[in-house]
Amino acid sequence: MSGIHFMKTDDLERVKDFYTNKIGMQEWVDQGECIILKHGNMLLGFCEADGSDTDGVITFFYRTKEQVDRMYETFKERAESEPIKRESYNIYNFFAEDIEGRTIEFQTFLHPLKPYLDSIELLEGRRSVREYENREVPEEVLEDIFETCRYAPTSKNSQSYYFIPIKDRDTIEFMADRRAPNSGPIAEAPMAVAVCCDPDNTGRVQQDGDIAAYHFTLTAWSHGLGTCWIAAMDREDVKDKLGIPQDHYVATVTPLGYPEEIPKTPERKEAKEFVRRID
Ligand SMILES: Cc1cc2nc3c(=O)[nH]c(=O)nc-3n(C[C@H](O)[C@H](O)[C@H](O)COP(=O)(O)O)c2cc1C
């Protein structure tokens, strides 16, 4: 189920310019007299009319305080005050005004959220995170993530993968040391998760394990949590430390936690560069 909130404007072009160029909303549908803009899971429609709707509050929310601070730098002149923490809602926010006098709010929630991202935003927005907040991952969030991991595809539906959550600090440091500096991000998070696969249950131990690990990273991201694939952790010492039989496969040992900030997207190829058509 989805929805759109429509508002009247007497200057569609000016409103469109403000919300796309200043706030970073994307044009979703252009109907001529109305335009529908998108920001994450929010769809806002503006329609040309005599007069403008200015009631209510349009709230843009972000994953980190730093992102709210960055918006404040852009909207300083239009802001009511600096961003502050509001204990009663457990949010960090500030209010400002758009170019027609509507109240706009920029905030981040300071508590865990249920998933809200749409699938494309999840797939394009996930980043490898190497710096984390000093904040525990709540047990109920971990349980929600593992619940979604039940649906990872596996060869012949073998469901041969398993996860080992690691919270013991010494074990985390041990993992971070194995392939330092490449494995270093493990020590930056409050916990790590080993994603493993049991060859007794599948003939495709590597594929099943790797897919489960990627399923895990996407699910974690949709809960606001960062991960970072750490390669080549399928090692004797790692398995010994975690009590994993030597013939099992370790897809990765990933750090898991709330990102300190969202890393910039590393440059990507154009799709035409990796689609090799044969007819
Ligand atoms: C198979 C694989 C191995 C990786 N190994 C490491 C690693 O050992 N250490 C690390 O910090 N990042 C590692 N990464 C993360 C990549 O550097 C990252 O995915 C890439 O730079 C693209 O950035 P993005 O994930 O933010 O889109 C690995 C990723 C993959 C898929």
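Here's a short tour of the structure, stop by stop.

What you have open is a predicted model, where local features need pLDDT of at least 70, side-chain atom pairs count only at pLDDT 80 or more, and totals for chains, interfaces and linings use all residues. Residues are numbered from 1 along each chain as its sequence is written.

**Stop 1**

Select β1, β2, β3 and β4. Strands here are DSSP runs of E with at least two residues, helices are H or I runs of at least four, and both are numbered from the N terminus. The four strands make an open sheet with mixed pairing, in the order β1-β4-β3-β2. β1 (5-9) and β2 (26-30) are the edges: each has a single partner strand, so one side of each has no neighbour in the sheet.

Now zoom in on β1 and β4 (residues 42-48), which pair in the parallel sense over five bridges. Strands count as paired if DSSP finds at least two bridges between them. Click H5 and you'll find L44 of β4 opposite.

Next, pick Q26, in strand β2. Is Q26 buried or exposed? Q26 is exposed, with 11 other C-beta atoms within 10 Å. (Buried takes 20 or more other C-beta atoms within 10 Å of a residue's own, exposed 12 or fewer, and partly exposed is in between; C-beta atoms are placed from the backbone.) Leaving aside neighbours within four places in sequence, Q26 is in contact with L37 and K38; contact needs C-beta atoms, placed from the backbone, within 7 Å.

**Stop 1**

Select β5 (residues 57-62) and β8 (residues 103-109), parallel strands joined by six bridges. Y62 sits opposite T108 in β8. N93 has Q107 in β8 as its bridge partner. The β7-β8 hairpin has five residues between its strands, and G101 there takes a positive phi near 95 degrees.

**Stop 2: helix α6**

Select residues 205-222. This helix has 18 residues and reaches 26 Å from first C-alpha to last, close to the 26 Å expected at 1.5 Å a residue; the expected span is 1.5 Å times one less than the number of residues. Its buried residues include H215, F216 and W221. Show what covers the buried residues, including α3 (119-125), α4 (139-149) and β12 (249-257). After α6 comes G224, with a positive phi near 85 degrees.

**Last stop: the ligand**

Which residues surround the ligand? Among them are R127, N182, W229 and P263.

Terms used: Contact = placed C-beta atoms within 7 Å. Near = placed C-beta within 6 Å.
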